[in-house]
Amino acid sequence: LHDASVVLPFANLRRPTGERPKTGITGALIAEPVATPAPPTRVVQVREYLLVLFVSAAVTYLSVPVVRWYAVRWNVMSEIRDRDVHDYPIPRLGGVAMFAGFLAGMLVASQLSFVSDVFKESQDAVAVLSAGALIWLIGVADDIWGLDSLTKAAGQGLLQRQYNQMA
């Protein structure tokens, strides 16, 4: 091994005089700055998706105790029925925490380089956000007032029509 380029760990090292050593281990060596290659595009895409996932999950996880506290305070609790497995009232409004996580994920996604093109080039994100917000409102109304299934289905049908017009 007389050629320094063969010894991979020392291939980018030079002597202070600027010449390459005959072997990769003799003499005082100084590391040359090596430009790090940009990560492959697919890796960046996965990182951005994972960031959106973790932000959404974290906001949802941290929102649950707050929403639960308000549900208990406002007495938005499920009634105990014979067919239920729990013996005490369960707080409702869990969809509020889930929607907060969804909004946080969409906000982060709109700022990331790969995913932000969806927000800039089309109205799909606006359609998903508005339809999601209205579905969320129907869910909150159902948790608070206990809407019947026909009312919920009618509301969801109207929202589907609105989404189809926007998208």
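## Salt bridges

The structure holds two salt bridges (a side-chain nitrogen of Lys or Arg within 4 Å of a carboxyl oxygen of Asp or Glu). This is a predicted model: local features need pLDDT of at least 70, side-chain atom pairs count only at pLDDT 80 or more, and totals for chains, interfaces and linings use all residues. Residues are numbered from 1 along each chain as its sequence is written, and side-chain values use heavy atoms, with hydrogens and water left out.

K152 pairs with D142, with the closest N and O atoms 3.4 Å apart. K152 lies in helix α5 (residues 149–166) and D142 in helix α4 (residues 124–145), so the bridge ties together parts 10 residues apart in sequence. D142 is buried at 15% relative accessible area. K152 is partly exposed at 24%. Buried means under 20% relative accessible area, exposed over 50%, partly exposed in between (1.4 Å probe, protein chains only).

D84 bridges to R81, the closest N and O atoms being 3.1 Å apart. R81 is partly exposed, at 41% relative accessible area.

## Lining of the largest pocket

Residues lining the largest pocket include R81, D84 and D142. Others among them are H86, R92 and W145. By class, the lining has three nonpolar, three polar and six charged residues. Asp, Glu, Lys and Arg count as charged; Ala, Val, Leu, Ile, Met, Phe, Trp, Tyr, Cys and Pro as nonpolar; the others, Gly among them, as polar.

## Chain layout

From the N terminus, the elements run β-β-α-α-α-α-α. Helices (H or I, at least four residues) and strands (E, at least two) are DSSP runs, numbered from the N terminus. Of the 167 residues in the chain, 22% are buried. F54 sits in helix α1 (residues 41–73) and counts as exposed, at 55% relative accessibility.

Methods. On a 1 Å grid over the protein atoms alone, a cavity is a set of points where a 1.4 Å probe fits but cannot get out, and a pocket is an open set with protein on both sides within 12 Å along at least five of seven lines; lining residues have an atom within 4 Å of a point.
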